[in-house]
Amino acid sequence: MKNKRQLGLAALSFAAAATLGLSACSSGGASQSKDQSGDASATGGDEITLSFRTWLPTQVQWPELIEAFEAENPGIKIDFQRDEDYDAFRTNLDNEILAGETPDLYGIQAGASFDDYAEYALPVDEYGADWIDQVRAEARKETTTQDGVEAAVPILTAGMQFYLYNQDLFTELGLDLPTNYEELVNVSKAAAAAGYTPFAMGAADTWHDTDFFVWLSNQYGEGGDIYRAASGEIPWDSESLVQAATDWQKLFTDGVFQQGALTTTTYPSARDDYFLAGKALAFPTGSWHVGMSMVGPDQEQPGSAIEDAEVGMAVFPQIGPKDGGATSGVDFALAVSSDIDEAKLDAAAKFVEFMAVGTGQQLWVNTLQGFPVADGVSVQVADDEPEIAQQSLKVVEEALAASKYPRKLNVPGWDSLQDDLGIVLQDIAGGANPATALATLNK
């Protein structure tokens, strides 16, 4: 099963490989004459400018990070450009690679598409050999290609499936946090009866549908069947996965997710138009949003309708017959272009080290955008954070620490798997027969 994304990446790989084959002839794969930043000083003189394309950090998180980096590294400037979400970022990065303008530094996510973008990255041992051992080995495995090349440096980890909740609305409606599926449906019906959206789901995003289903699927059978299906060991329409897909469909038909969820994006719509607008009881999301429960690291509530509301984070209630736990993995990694100018390489290495094991690692995890990859680094929040915030952080950290299943599917030769599965899940949510729809994924 091939979709437009898969076919597009095949064309991308061919065209960009030809481009890089011409440009990566000098030592270290760097072009001696090309200045991607447009700043003549980037390849000579006192100041070096590095282009950085990404979807993270956020615009709010970035100023503190770059201020600290430039204070430690005078003479190095970062040309920072970001997209609101990962899909938009991938589209723009594809276009830059096709044009032979791969940025000096770019964000990359572990999972099915990792090897595509790793193809244009400089191996980590060419710039990070002196410090990469400070990054946890489990995380490094996720940024190593199927051919054994460590192509990017993990920066943050994250997990699924959690949800943010508006405690003020729960209190107003006299509701408690649900602990099982029956309670989940009852809470959702009560919210809808009061004119609120229950759990504002961004099901228009295939990445969110797939992330949710990977988490959900581990609650059926012996657990882990989705990874076996992805690798071809069992069919996709195996009993356990059909059961999981049937219960995925019920989340829509039972009213846990809002009407119109399939046309609602996670960002900005589910987050901004529903949850931050005070119209939703809760918002299914990943661990990266636990900072919204805090006073200090919060970057999203100020100026919204729930600016003064109590917000917490909880693990999404168990739906299947067994507790599969949270899924987790590398959510953000940094790659250095294999086409980087030789004069910029040392500066790029300093930035990646800063973010992976230096000051940037500590500053960024303190925003709770993600959790640390560096040995000896832990999240630091103020002691006077409200009780709901402290409890939310504890819930997330304990769930991630106990996680035994990966968040992302990664199958050699099936780069579009997560998108393909997401489309099938959207069909099922819209009423398609779960077994028939899943069978379309069988190779």
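Trainee: Before we start, what does buried mean here?
Mentor: Buried means under 20% relative accessible area. Tyr163 has a relative accessible area of 1%, so it is buried.

Trainee: And what kind of model is this, and what is the mean pLDDT of the chain?
Mentor: It is a predicted model. The mean pLDDT of the protein chain is 89, with 89% of its residues at 70 or more.

Trainee: Where does pLDDT stay under 50?
Mentor: Over residues 1-44. The model has 98 contacts beyond four places in sequence for that stretch.

Trainee: Back to Tyr163. Which residue does it form an aromatic pair with?
Mentor: Phe199. The pair is edge-to-face, with 5.2 Å centre to centre and 65 degrees between the planes. Tyr163 belongs to strand S5 and Phe199 to strand S6, so the pair ties together parts 36 residues apart in sequence.

Trainee: Is Phe199 buried or exposed?
Mentor: Buried, because its relative accessibility is 0%.

Trainee: What about Phe212 and Phe316?
Mentor: They also form an edge-to-face pair, at 5.2 Å centre to centre and 80 degrees between the planes. Phe212 lies in helix H8 (residues 206-217) and Phe316 in the loop between S8 and S9, so this pair ties together parts 104 residues apart in sequence. Phe212 counts as buried at 0% relative accessibility, and Phe316 does at 2%.

Trainee: Which residues form the aromatic cluster?
Mentor: Both of those pairs are in it: Tyr163, Phe199, Phe212 and Phe316 are among its members. Others include Tyr165, Trp215 and Trp248.

Trainee: Switching to the sheet. What is the strand order?
Mentor: S6-S7-S5-S8, an open sheet of 4 strands with mixed pairing. S6 (197-199) and S8 each have a single partner strand, so one side of each is left without a neighbour in the sheet. The twist averages 25 degrees from one strand to the next.

Trainee: How do S5 and S7 pair?
Mentor: Residues 162-166 of S5 and 280-285 of S7 pair in the antiparallel sense over 4 bridges. Tyr165 has Ala282 in S7 as its bridge partner.

Trainee: Which strands does helix H11 touch?
Mentor: H11 (residues 266-275) packs on the sheet and touches S5, S6, S7 and S8, at about 160 degrees to the direction of S7. Helix H14 (residues 387-401) lies across S5 and S8, at about 25 degrees to S8.

Trainee: Last one. Where is Asp323?
Mentor: In the loop between strand S8 (311-315) and strand S9 (327-336). Asp323 counts as exposed, at 56% relative accessibility. A polar atom of its side chain lies 2.9 Å from the backbone nitrogen of Gly325.

Methods. Residues numbered from 1 in each chain as written. Heavy atoms only, no water. pLDDT = per-residue confidence, 0-100. Contact = heavy atoms within 4.5 Å. Helix = DSSP H or I, 4+ residues; strand = E, 2+ residues; numbered from the N terminus. Buried < 20%, exposed > 50% of the residue type's maximum accessible area, 1.4 Å probe, protein only. Polar contact = N/O pair within 3.5 Å; in protein donor to acceptor, adjacent residues only side chain to side chain. Pairing = 2+ DSSP bridges. Axes fitted to C-alpha atoms, helices over the stretch in contact; angles between N-to-C directions. Phe/Tyr/Trp six-rings, centres within 6.5 Å; stacked < 30°, edge-to-face > 60°.
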